[in-house]
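Subject: Structure for your files

Hello,

Here is the structure we spoke about.

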Amino acid sequence: MVRPFPFVRQLYTNNIYEIFQDREGYIWIGTASSLQRWDGHWLTNFRNTDSRTHLLADNNISNIVDTDQLLWICTSGGLTLYDKAKGHFFQPTDKRIRGKWTNSMCNDSDGGMWLAIGTELYHCDATCTQIEQVNPFGNKNGKHNINALYMDSKGMLWLLCSDGTLMRGRGKRFDAVKPIPDGVACTMFEDADGRYWFGTWGQGLWQYLPEKAKAKGDCWLQHHVQDNDEGGEEDIFFCIQQDRTKRWLWMLSYKKLYVLEYAGGRLKPIDLTAYLSPRHEYTNMICDNVGNIWLAANDESSIVSFDSSGILSYHPLLTSWQTDEDLYNVHADGNYIWLNWQRNGLQLYDRARNEMTSLRNLNLPEMSVIRPSRKNESVWVAQKYYSTAYRLTRDQGRVSVEDKLDLEAVLKDSCPILDICEDNGGIVWMLTPRHLAARLTDVGKTIAVADIKSPTAITQSTKTGTMLCAAGHSLYRCKAEERYLTCSTAAALDMLSDNERVIAMSLDSNDGLWLATSMGRTFSSDRHMKKFHPSPVDTLLRDGLCEDIVSTRTSVWLMNNKKVVCYNLQRKCATIYPVTDEIVNILSFRHRAICTDGDGVLAGGYGGFTHLPEQRNTKSSRVSCPVLTDVLLDGTSIFFNNNNASESSFSHAILPSDAHNIELRLSQLAYYTGMKQHMQYRLKGFEDMWSELESTYHQITITSLPCGTFNLEVRIEQPDGKWSKPFGVATLERLPAWYETTVAYIIYIVIAIAVLAVTVWHVRRRHQRRLETEVMQAKVAVITADHHLTDKMVAIIDQHLDDSDFGLEQLLAEIGMSKSTLYRQLKTETDMTPSDFIRNIRMKRACEMLQGRTMTVSEIAYATGFSTPKYFTRCFKDMFGKTPTDYVRSYQKSTEIFDDQG
């Protein structure tokens, strides 16, 4: 499969000089004016601009290599390094390599890096902190300009020099290799079988033979590659790669792309012109981590993929067949496939010849069913709107109508035939919305009708030939006698709900029955059909109505409009083929467009049809954990747009306190043509519920995050429908704002305690005032207790209230009692002496006057018989515990409290 670069329209310029895949899986593209990174969903552009003038040493990229920690980028302005963990660009500090053109780079076997700068060779550690200059040529041989470096599988470093000199060695010890005869090597490649290939400027392609070099023989073998289009021999090769599937050698020259197969010591050309034009302006190529060949070109760049899944899509052939893409029915018959399209009707496809034959010459009406016939090379087809069926027979690609069945005369209606099944005895069973009929094998070919009302589905056992029919909540076993049909109840379908009916069913190789219902449920049973349980794949099909079921020798296949599920009866596991699988290449599966086909099935619908194997090669559908490729805040990357100020890494992203509109970008860094895997995510600590991850662009949008640390986890739906264990993708840390810091929380606690203390103080103060008021009122009430003697005394005191000279003697004279008698009786009634009683009455009247607030304290003092206001104040405080002025304030506040509570 060949497809263009998915990001080709997003490139800053099409002049691609370098393409490289790093160890994490990112694809890096170096052009004449920018560096770009592709993660499978987004293309990120890195270049010097007026706002970022020193991001790269220069925008012109010539070579890219990586170590575990760094990406090493050769530019025309010198070397630039990229921290893969933090997403930072920087330049080396060592003056020996800083700002200098680097001819070539390659990894060593210990994780370091070799740099060729002019005639100098440097060895750097993985972090570019320790740099050592190495002289590979020795003191006698002089120095040579190094064009290219290459590390072979044995850990030997090869030096390809501009004057044809070849050196090989490791560490600091290098030896000269016999040069190519009259040639200058410009590129080198070691294939999977250990063969060394050298491309030259002007002398074509050469193979190095190390075994002959040891024997001091002729160690160079030239392979003459012919340009069959223009004639002559190709003399320049500047890039060589090998794919992992076919092990073909892919070679670029200035004229074209060559694909060669090595066999028997010779190179055999492979013709891929049907898929790929060899005449594009190819500039570079790589083989990625899953075996795709990426061909970079100035005009049209392409990805060549090798599928080994076992899936065979017929979609690319539809254009050449000149047919529509909406398939109603399909049936595989050896090398032939019977097809029924929406607009083009019946067609017959010859797989061996890749030829499509239209059957319009049969003048048949529109059909709705294709089913196999017991007779070889024949099928039964049913008319879409009428109760007529035809048997079609092919003979060396020619098709004719051999038989016709018309149920209208027997059924007295024109109900369409929904399904046909010809059993092992030659009896043809036909299902309509109202009847189950069968054409018998007697002399008159009688058509009999079963005594079953509104049947919905039929199926037959391949072992016993038993015909089963579902109608309502019952399953019937049907049998043909001499001239009529007998039906007996085989099982009760009690698990069905009201108004639920069976719409498809099939018996597996063990005679276990599988059912699909009108409510989207699937059931299965053993061969005794006593109990029905939800099928093992019931939950996998809940996203659509299961419309058809077919059985093969080891599996049961169930189909809805979104997927086909294959359940293996022996391994008890499921394989899912969704329409989102790029190799399946179907937009939507359709009812009746599925049939058995050798070791699998043919399934189709809108978009053509595809062969699906029982067991998919898992190599092309591997589960790979997604990684965090970028974090954007309000559309701005925290890694690439902050002048390298962020301390974040791709495993631990640190977000500022004001982070809003957070976009997390994820990618599996997988570029193979295959299934778009269904994934879910959760941000543990923020939300523990799993959410769907968008399938086309793996991005997560969060409006805002609280302060704290959260773990981003992803789980992937596996081919059997089960979820994988959660993958830890990255940790997100949102920094606290000033009001979320520890100091701020301490201040909050102190303020809360202070507010609580003030509140308690006010409550207690209010309660104390209320209690004091109640005590004073009680004291006043005691003074005016209702007693006969005291009432008389109060009246006398009130008459002389403003007389400061009124005392005990005047009171005795007016009341007419002796001093001892008055003392005794007053003590009994009030527990007070006469003098205390007189003073208390004066105080009570003073309180009443203070409450009236019409007189001053001095006026009240004189009005209650006190000689001076000062003496009045002292006596008032001795009795009530507060001055008259304080009493007035307390009374006013207590009055307000009572008003509020009232």
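This is a predicted model: local features need pLDDT of at least 70, side-chain atom pairs count only at pLDDT 80 or more; totals for chains, interfaces and linings use all residues.

Residues are numbered from 1 along each chain as its sequence is written, and side-chain values use heavy atoms, with hydrogens and water left out.

Strands β54 (residues 588-597) and β55 (residues 600-606) pair in the antiparallel sense over 6 bridges. Strands and helices are DSSP runs numbered from the N terminus (strands E, at least two residues; helices H or I, at least four), and pairing requires at least two DSSP bridges between two strands. Opposite isoleucine 594 stands alanine 603 in β55. The two strands, β54 and β55, form a hairpin with 2 residues between them, and glycine 598 in the turn has a positive phi of about 60°.

Serine 454, in the loop between β41 (447-449) and β42 (455-460), has a positive phi near 50° although it is not a glycine. Serine 454 is partly exposed at 43% relative accessibility (buried is under 20%, exposed over 50%, partly exposed in between; 1.4 Å probe, protein chains only).

Arginine 853, also not a glycine, has a positive phi near 55°. Arginine 853 sits in the loop between α8 (834-852) and α9 (857-863) and is exposed, with a relative accessible area of 53%.

Isoleucine 751 lies in helix α4 (residues 742-783) and is partly exposed at 47%.

Regards
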